[in-house]
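Q: I am new to this structure. Please pick a single part and take me through it closely.

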Amino acid sequence: MSDPKNPNIDKRSTPQYALYQRENFWKTNTGEVPPFNTEPGKLEELAKAKLTEGGWYYASSNAGQSYTHLANRQAFFRHRIIPRQLVDTNLRDTTTTIFGHKVSAPIGFAPIGINVIYNPLGELPVAKVAKELNLPYALSTAGSNPIEKVAEANGQGPRFFQLYMPHDDELTVSLLTRAFNSGFDVCILTTDTWQLGWRHDDVATGNYAFYHGIGADLGLSDPVFQKRLKEAGIDPVKQPNEAGAMWIDNVWHGRAWSWEKIPWLIETWKKISGGRPFCLKGIQSVEDAKKAVEVGCDGIVVSNHAGRQVDGAIASLDALENIVAAVGDKTYIMYDSGIRGGSDVLKALALGAKFVWVGRLWVWGLSIMGEAGVRHVMKSLLADFDILMNVGGFQNIEQIDRTALESYPKAYAMIAERSKL
């Protein structure tokens, strides 16, 4: 808990997020209660109770038997934080800089599509909260609002555009141009989703929003795609299922890109954006990380799509260690997959990531209580991280390095049922 009269508060470069703990403790004195429990397991249970079956399945389903999802969490357990004592952390600083943006913490809103199945307003409340907290927001190409509306909700917040690249160069250029003109000044190409992984619950229930006329608004609002619909004789008002399918089939479902296309995409984005950064998301192998550096990527996101794409894959945190050792001094390395709390953020940073993306946590918050739910979850995560820096003896992000951890050998037990970790 934090003293709101602490004289150090006004001298800190970022808000004392730890005060959010005190705020929640104090609520019962004024007849209030905290919004909801943000312990990850309980958060997930609350979201499941709120969502439709389809919404729950799409948010929670993993590839195959969920072994990659399990591995992501197990990998965090083998690293233990070594707290330092009697360190003056009163003026601790959680800020960092990412691609020229000074942000409140090394934590961002990961790109997640079809937010409208979690809340009727879709991405809009999420983008709004990201701006309030001065954390980067990444909009998915599979978003359920037009790019321009999301930008408006985000105001002057730092925002990036995550690209699923269409098999239509004119459409790709249109999307990137719209994104940059709307203030999305970093492009992140996701490389691990040419086709959805086999997710049993979704397949068993025919649970795919795009094929049922839901969630394709980002694509349907594009002038080039509107032209393609007209050419195909599809009326999006009268044939929403066919229009949604045509949109998503253009960027997913079996047609892969290769390294040969990346130089064109980088050149195209740089021309549109005046040289702003280009990154790849989904990198897991050292060879791919080296190739990303070789072709001129400004950054990479080490990610296995939270276990939703390849079942039985390497844990993303283990991949991070390997990749940092190989190219950590050559590109800006970010981390994604399996973050559940402040200690996970710290561990990823200690293992060499410069920045961490969070996804499912804020999706659960959005599902439970809309804008207020997203705010509560992310303020709680910031408070957790701020308090951890305080009690762990870290004065700033730069001090979080490999010496902060004691690590144990990889010895992951196989569990035959889906993990609830």
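**A charged pair and its surroundings**

A: Start with E371, which is partly exposed at 26% relative accessibility; that label covers values between buried (under 20% relative accessible area) and exposed (over 50%), using a 1.4 Å probe and protein chains only. The model is predicted, so local features need pLDDT of at least 70 and side-chain atom pairs count only at pLDDT 80 or more, while totals for chains, interfaces and linings use all residues. Residues are numbered from 1 along each chain as its sequence is written, and side-chain values use heavy atoms, with hydrogens and water left out.

E371 has a partner. It forms a salt bridge with K128, and their closest N and O atoms are 3.2 Å apart. K128 sits in helix α5 (residues 124-133) and E371 in helix α16 (residues 360-392), so the bridge ties together parts 243 residues apart in sequence. Helices here are DSSP runs of H or I with at least four residues, strands are runs of E with at least two, and both are numbered from the N terminus. K128 is partly exposed too, with a relative accessible area of 36%.

What counts as a salt bridge? It is a side-chain nitrogen of Lys or Arg within 4 Å of a carboxyl oxygen of Asp or Glu. Side chains of opposite charge can pair when their charged atoms come close. The whole structure holds 20 such bridges.

Now compare another pair. D318 bridges R78, with the closest N and O atoms 3.3 Å apart. D318 lies in helix α14 (residues 316-327), and R78 in the loop between α4 (67-77) and β1 (79-81); the two are 240 residues apart.

R178 is buried, with a relative accessible area of 9%. E148 is partly exposed at 35%. Elsewhere, bridges that share partners join D168, E170, K227, R228 and E231 into one network.
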